Amino acid sequence: MYLAPVHRMAQHAEVDAPAGVLYGLIADALRWPVFLPPTVHVEQLEFDGASERLRMWVTANGEIKSWTTRRVLDPVAHRIDFRQEVLPRPVTSMGGSWSVEPRGPEKSLLTLRNDFAVSDNARADVDWVKRATTANTRAALANLKQLAERWRRLDHLVLSFEESVHIDAPVEPVYDFLHRFGDRAGTASGAVRIEVSERTPGVQLMTVELPAAGGDGGTRTTESVRIGFPHAGRIVYKDIRDSEQPALLAAHTGEWSVEPDPWGEGVTVVARHHAVLDEDGVRERYGEGAEAVRGAREALRARLARESVAALDLARQHAEDALARRV
């Protein structure tokens with residue numbers, strides 16, 4: 001039986017932060033979508049304190065790939081080993097490790113090692129995986145370095161909140177409205193154009209064209225990846241491009257969750273947001289210091305909440321009107 005050769009890669013980053021801080025960022029995989037640019041979404045399937053299984057959606061060479069991986073966490077050694085269990089073709093095996101070596105009280109060496117094999121060791125497939133792994137590793141290491149070196153103020157740059165609305169309708173029409181977001185005008189406040197395409201079942205790319213912040217008649221374009229879980233009434237998403245610079249957001253992810261009321265009289269729709277502020281964008285718009293960051297947080301939360309509430313109100317109107325037409 002032919003066994004494809006294993007290809008091995010490793011990249012390093014010197015980081016001015018304690019090893020424990022770096023390890024904590026790597027261990028918290030559920031926050032990777034806002035911490036690591038390539039990661040779109042992570043679902044934790046199992047966790048026993050020492051190991052976990054994760055379902056991950058990741059951008060790779062402009063494509064969205066998904067796989068299941070098992071991780072073994074060693075907080076004492078500051079090491080995490082991983083091995084993917086369910087892989088997209090043509091990859092037949094992939095794994096590796098994260099390791100953090102202390103180099104002083106606030107200095108560390110971060111290393112990400114990868115090994116992989118592809119079916120028949122086809123040169124084009126090997127090159128594709130190498131390009132994707134190299135690009136994603138560089139992006140991950142650079143972002144982890146940036147976040148870890150701001151560890152004393154990171155909590156002030158990270159923002160999470162939610163908005164909700166009750167709707168007197170069943171789950172299906174509400175979820176349908178959110179899933180077919182681009183079919184209806186006005187779903188994004190002030191949008192000039194909304195386009196939703198589904199490249200693979202359940203995975204959408206949404207492009208929104210909005211008026212530019214300067215009010216000069218120009219436009220800005222945002223793109224986000226959306227992943228649907230219809231049986232759970234959930235849609236998660238991550239913004240992957242914003243043509244406006246400097247951006248106030250370094251990263252933004254969210255979730256629409258349609259939750260049936262336990263007494264069976266309707267649903268509660270929850271809009272959740274997780275974001276990391278971009279310090280350069282904050283400095284450009286609000287200035288330096290803690291007050292500037294506080295002002296940026298308040299402005300960002302107000303904008304995201306306003307957009308969410310507007311979309312939630314439209315979802316309620318659509319679902320309740322659809323229900324009324326049936327009566």
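Reader: In β14, which residue is the bridge partner of H252?

Author: A275. Keep in mind that this is a predicted model.

Reader: How many bridges join β13 to β14, and which way do the two strands run?

Author: Strands count as paired when at least two bridges link them. Here 11 bridges connect β13 (residues 249-260) with β14 (residues 267-277), and the two run antiparallel.

Reader: What is the strand order of the sheet?

Author: Read across it: β8-β14-β13-β12-β11-β10-β9. That makes an open sheet of seven strands with antiparallel pairing.

Reader: Which strands stand at the edges?

Author: β8 (158-167) and β9 (193-200) do. Each has a single partner strand, so one side of each lacks a neighbour in the sheet. On average, neighbouring strands here are turned by 20° against each other, ignoring direction.

Reader: Which helix lies across these strands?

Author: Helix α5, residues 171-179. It lies across β8, β9, β10, β11, β12, β13 and β14. Against β13 it runs at about 160°.

Reader: Now the cores. Which residues of the largest nonpolar core touch the most other members?

Author: A nonpolar core joins buried residues through side-chain atoms within 4.5 Å. The largest has 35 residues; I26, W32, F35, W98, L110 and L144 touch the most other members. Helix α1 (residues 19-27) supplies the largest share, six residues.

Reader: What is W98 in contact with, leaving aside neighbours within four places in sequence?

Author: I26, W32, H78, R79, I80, F82, L110, T111, L112, A140, L141 and L144.

Reader: Which residues does the second core include?

Author: V165, I194, V258 and L312 are among its 23 residues. This core is separate.

Definitions and conventions:
Residues are numbered from 1 along each chain as its sequence is written. This is a predicted model: local features need pLDDT of at least 70, side-chain atom pairs count only at pLDDT 80 or more; totals for chains, interfaces and linings use all residues. Side-chain values use heavy atoms; hydrogens and water are left out. Helices (H or I, at least four residues) and strands (E, at least two) are DSSP runs, numbered from the N terminus. Axes are lines fitted to C-alpha atoms, for helices over the stretch in contact, and angles run from 0 to 180 degrees between N-to-C directions. Contact means heavy atoms within 4.5 Å. Buried means under 20% relative accessible area, exposed over 50%, partly exposed in between (1.4 Å probe, protein chains only).
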